[in-house]
Amino acid sequence: MSRSRIGAQVSGATGATLVEVLVAVAVIGALAAIGIPQYHGYTERGREAQCAHNRYTIETAERACALDNNGKPCLGIRKLVKSGYLSGRLTCPSGGRYVWATRDPQDPHYPTIGCSKHSWPSWKGAEAKKAKKAKKPQKPKNQEKAKKAGGKKGAG
Ligand SMILES: [Zn+2]
């Protein structure tokens, strides 16, 4: 045998050659190179989900505050906590800052909470909702087309 086995001289049992150890280390390195970025992606997605949940909770608390105060929201976490609408101060897990915006045309009385790292407030979501609502009445058009097609068949 030309290759010496690591540990073979000590115990007399068969060990791994240096090449085998290097191959194993290379495989572990390759797996780590693939896995570590994915792990960071998962953790960031988790933080993003936590942030979205926090913003939703703050928005709900603002709505509750507004309902109790004749439509006037609290407009701030400290005031929400002080008034008892939030049990604790919610922060973005990625270190973003929460932003209050009140210019949502869909909902002008209640603020929308944005995050400086995850979700800056924009009204694209509101516009998409409007577009969806506008698209919904298209179903009867299809039925009319079907009726027309059926009518043509019946006439022809
Ligand atoms: Zn955030």
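**Figure 1. Burial and overall make-up of the predicted model.** Of the 156 residues in this predicted protein model, 13% count as buried. The secondary structure comprises 5 helices and 2 strands. Read from the N terminus, these elements follow the order α-α-α-β-β-α-α. Among the contacts with a separation of 6 or more, 36% are accounted for by residues 24 or more positions apart.

**Figure 2. Confidence along the chain.** The average pLDDT of the protein is 78, and 65% of the residues score at least 70. Among the elements, helix α2 (residues 18–68) has the highest mean pLDDT, 93, whereas helix α5 (residues 138–155) has the lowest, 49.

**Figure 3. Helix α2 and its buried residues.** Helix α2 contains 51 residues, which at 1.5 Å a residue should span 75 Å. The C-alpha atoms at its ends are 73 Å apart, which agrees with that expectation. The buried residues of this helix are C51, N54, R55, I58, A61, E62 and C65. In an α-helix there are 3.6 residues a turn, so residues three or four places apart point the same way. The buried residues of α2 pack against α3 (77–83), β1 (98–101) and β2. After α2 comes N70, which has a positive phi, near 55°.

**Figure 4. The largest nonpolar core.** This core has 10 residues: I58, A61, C65, C74, I77, L80, Y85, L86, L90 and I113. Two or more of its residues are given by each of the elements α2 and α3. Helix α2 supplies the largest share, 3 residues. Y85 belongs to the core; apart from its neighbours within four places in sequence, Y85 is in contact with A61, A64, C65, C74 and L80.

**Figure 5. L75, a loop residue with positive phi.** L75 is located in the loop between α2 and α3. Its phi is near 60°, a positive value in a residue other than glycine. Is L75 buried or partly exposed? L75 is partly exposed, because 13 other C-beta atoms lie within 10 Å, while a residue counts as buried with 20 or more.

**Figure 6. H118 and its surroundings.** H118 is found in the loop between β2 (112–115) and α4 (124–135). Why does H118 count as buried? H118 has 20 C-beta neighbours inside 10 Å, and therefore meets the cut-off of 20 or more for a buried residue. Leaving aside neighbours within four places in sequence, the contacts of H118 are E48, C51, C92, S94 and G96. One of these residues, C51, is also among the buried residues of α2. G96 is 22 residues from H118 along the chain, and the C-alpha atoms of the two residues are separated by 7.4 Å.

How values were computed:
Residues numbered from 1 in each chain as written. Predicted model: local features only at pLDDT ≥ 70, side-chain atom pairs only at ≥ 80, totals over all residues. pLDDT = per-residue confidence, 0-100. Helix = DSSP H or I, 4+ residues; strand = E, 2+ residues; numbered from the N terminus. Buried ≥ 20, exposed ≤ 12 C-beta atoms within 10 Å, placed from the backbone. Contact = placed C-beta atoms within 7 Å. Expected span 1.5 Å × (residues − 1). Core = buried A, V, L, I, M, F, W, Y, C linked by C-beta atoms within 7 Å.
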